[in-house]
Amino acid sequence: QMLVVDDGDGMGIKAVKSLNDTRVTAVQNPGAGQVDARNHALELASADIIHLLDDDDRWIETTHLERVLASLKNQKALLHVGGWLVFEEQLEKGWVELERRDFNPITTADSLRHDNTILTSGVAYPKILHKELGVFDQHMGNYWDWDWWLRVTAQYPLLTLLEPTVL
């Protein structure tokens, strides 16, 4: 199951409709902002594993999801994978990649207390963690993700997939 929560002008919903794929559902964000959109997706999600993917990111390995599911099988943990930060410029022909910087720092539960070194689109975890730890905190503003990583890793292991796959 893939859920797209459109937090903008409806282009995400149009893109999903154009796929004509019943495995993908698109809805408009009933609130405002990315935290409301993510929390709405959590309400609608029926899958056991949550994996975030922002609209300007992608996974570049075809086996990415298989590796994630295998790593999280039968355990409560926060899994993350590194990748690259891509700098682009929009030209008449479309977007052109100018630079790609490695973003795969060694990250531990302890290092997360000092710096957020996790790519949001590289994170997956069992949905049941939200029943135990709550939803994403909209009062945290742009730090909602870091707050969630800290809440999870205070009680559960942090797993790392070594081969970066997030762009």
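**A strand and its partners**

Guide: Let's start with β4 and β5, which run antiparallel and are joined by nine bridges. Keep in mind that this is a predicted model. These two strands make a hairpin, with two residues between them. Within this pairing, glutamine 90 sits opposite tryptophan 95 of β5.

With β7 (residues 158–166), β4 pairs in the parallel sense over five bridges; here valine 81 faces leucine 161 of β7. With β6, β4 runs antiparallel, and two bridges join them. In that pairing, leucine 79 stands opposite alanine 124.

Now for the cores. The largest nonpolar core has 20 residues, and Leu78, Tyr125, Phe136, Trp148 and Trp149 are those with the most contacts inside it. At least two residues each come from α2 (34–44), β6, α4 (128–133) and α5 (144–153), and α5 gives the largest share, five residues. Apart from this core lies another, of nine residues, including Leu72, Val81, Leu119 and Val166. As a rule, nonpolar side chains in soluble globular proteins tend to be buried together.

Finally, follow the chain past β5 (94–103): the loop between it and β6 (123–126) holds threonine 117. Threonine 117 counts as buried because its relative accessible area is 14%, under the 20% cut-off. Its side chain makes a polar contact, at 2.8 Å, with the side chain of threonine 107. Beyond its neighbours within four places in sequence, threonine 117 also has contacts with residues including Phe103, Pro105 and Leu112.

Conventions:
Residues numbered from 1 in each chain as written. Predicted model: local features only at pLDDT ≥ 70, side-chain atom pairs only at ≥ 80, totals over all residues. Heavy atoms only, no water. Helix = DSSP H or I, 4+ residues; strand = E, 2+ residues; numbered from the N terminus. Buried < 20%, exposed > 50% of the residue type's maximum accessible area, 1.4 Å probe, protein only. Polar contact = N/O pair within 3.5 Å; in protein donor to acceptor, adjacent residues only side chain to side chain. Contact = heavy atoms within 4.5 Å. Core = buried A, V, L, I, M, F, W, Y, C linked by side-chain atoms within 4.5 Å. Pairing = 2+ DSSP bridges.
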